[in-house]
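Biologist: I'd like to go through this one with you. Can you put it on screen?

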Amino acid sequence: MADTTARALQLLELLQSAQLRTVPELAARLGVDERTIRRDVARLVEQGVPVETLRGRYGGYRLASGRRVLPLMFSNEEVVSVFLGLSHAQAASPRPEVAAQTALSKIKRALPAEDARRIDSLLGAMTSASTHGGDAPDPAVMLTLAEAVNCGHVLDIRYQSGKGIPSRRTIHPYGLIAHSRRWYLIAFDTDAQEELTFRVDRIRTARSVPGSFTAPQKLDLESRLLDLFASAKYRWQVRLRIRGSEEQIRAQLPRSIARLERLDNAGEDDQPWHRVEIHAERLDWIPPVIAALGCEVLIDHPDELRDLVRAAAARLLHAAGDDGSHPGNRTSTRARSSG
C-alpha cells in the first residue's frame, strides 16, 4: 500500500508538471508497466482528481483544463518556504486568519519527525525584529544556518558583498535576526578574527565543517545587530559633539547609524552634550541631518565634513538672500542709491 500511495503521488506530480504525459512515458518514469499506470490513473479519478484521457496515436493523460490540485509532495526547502511564508504573514497581520493558522498546523503535522525538528530549529533560531517581505533568502541556506546556530556548528559559506565581490569564509554563527525587511546572520569570522553581520540573501552556499564553538551567552541579538551596523567599516569616520537630549538626537541618528556617548559636562538645567560617532561611505547626507537636529553641533572630524557644511550653509544663505548676492537685494540697493 505504501508503494502504491507513493507511486500515485509521483504520478500526480508528473501530470501537474506537463500539458500531456503518454502512458509509455509515465511507465518509464515510474519503473512499472503500462497496465499499472492505467490502474493508478483510475485510482486518482476515483479520488476525484480531474484526470482526462486522450485517445489516439498522440494520446495520454492530462489534468483537466482549468483544474489544478494542490501539490502533495514537497522538498524540505519547499516546506520551509511555505511554512515561513505563512508564519510571517501571520506575524505581520493585526488579525491573523484562521485559514493560515489551520494550514500551518496541517503542514507541521504532516512532516516527518526529522523535518519537523528542523523546522523547529529554524523557528527557534530566528529573531523577528521588524516586518518581513524584503529579499527572500534561500530556504536551504536558512535551514543550514539555523541548525548551525542551534547546535554550534562551524560553517563554510560563500558570500557576495553588496558590491558583487565574492568571498569564502569560515564562521561561527550564533544569531539569525530580521531587521528592516531583511534577514541577517551575526557570526564570528575566523579568518578576519572579528564579529560581523552577513545579509542572508547574499549567502550563496552554506555547509557544516568539522568543529564546534560556544556562542556568547545572553546576547541581545537586536542590540548587537544595531551596534554592528553602526561600527561597520566604511570610508569615513565622523565624530561630532551634539548638545541635546538623546531622544532629540536619535530622531535623526538612530542606533543603527550612530554610536552615542553622553558627556558629563552639563548643569541641571542645561541640555547635555553627547559624543557621536558615525561610520559612513559618503558624507553628503550628513549636513542636512545636522541642520535637521535643530541644536548645537560641533564637528571634530573630518575636515571634509566641515567644508561640506560651509558649502551647504552658503547655499542656504544665498537662498534666503542674506549673503548680499540675491538678485532682489541687488535691485533694491541700486534703487535706494539712485534716489
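Biologist: Which residue in the hairpin of E5 and E6 takes a positive phi?
Modeller: Ser180, with phi near 50°, in a hairpin that has two residues between the strands. This is a predicted model, where local features need pLDDT of at least 70, side-chain atom pairs count only at pLDDT 80 or more, and totals for chains, interfaces and linings use all residues. Residues are numbered from 1 along each chain as its sequence is written, and side-chain values use heavy atoms, with hydrogens and water left out.

Biologist: How many bridges join E5 to E6?
Modeller: Eight, and the strands run antiparallel. Strands (E) are DSSP runs of at least two residues, helices (H or I) of at least four, numbered from the N terminus. Two strands pair if DSSP finds at least two bridges between them.

Biologist: And E4 with E5?
Modeller: Six bridges, antiparallel. Leu155 has Ile171 in E5 as its bridge partner. That hairpin has five residues between the strands, and Gly164 takes a positive phi near 85°.

Biologist: New topic. How much space lies in the largest pocket?
Modeller: About 1,100 Å³. A pocket is an open set of points on a 1 Å grid over the protein atoms alone where a 1.4 Å probe fits, with protein on both sides within 12 Å along at least five of seven lines; lining residues have an atom within 4 Å of a point. The volume is the space filled by probe spheres set on the points, which are joined across faces, edges and corners.

Biologist: Which element gives the most to the lining?
Modeller: E7, with six residues.
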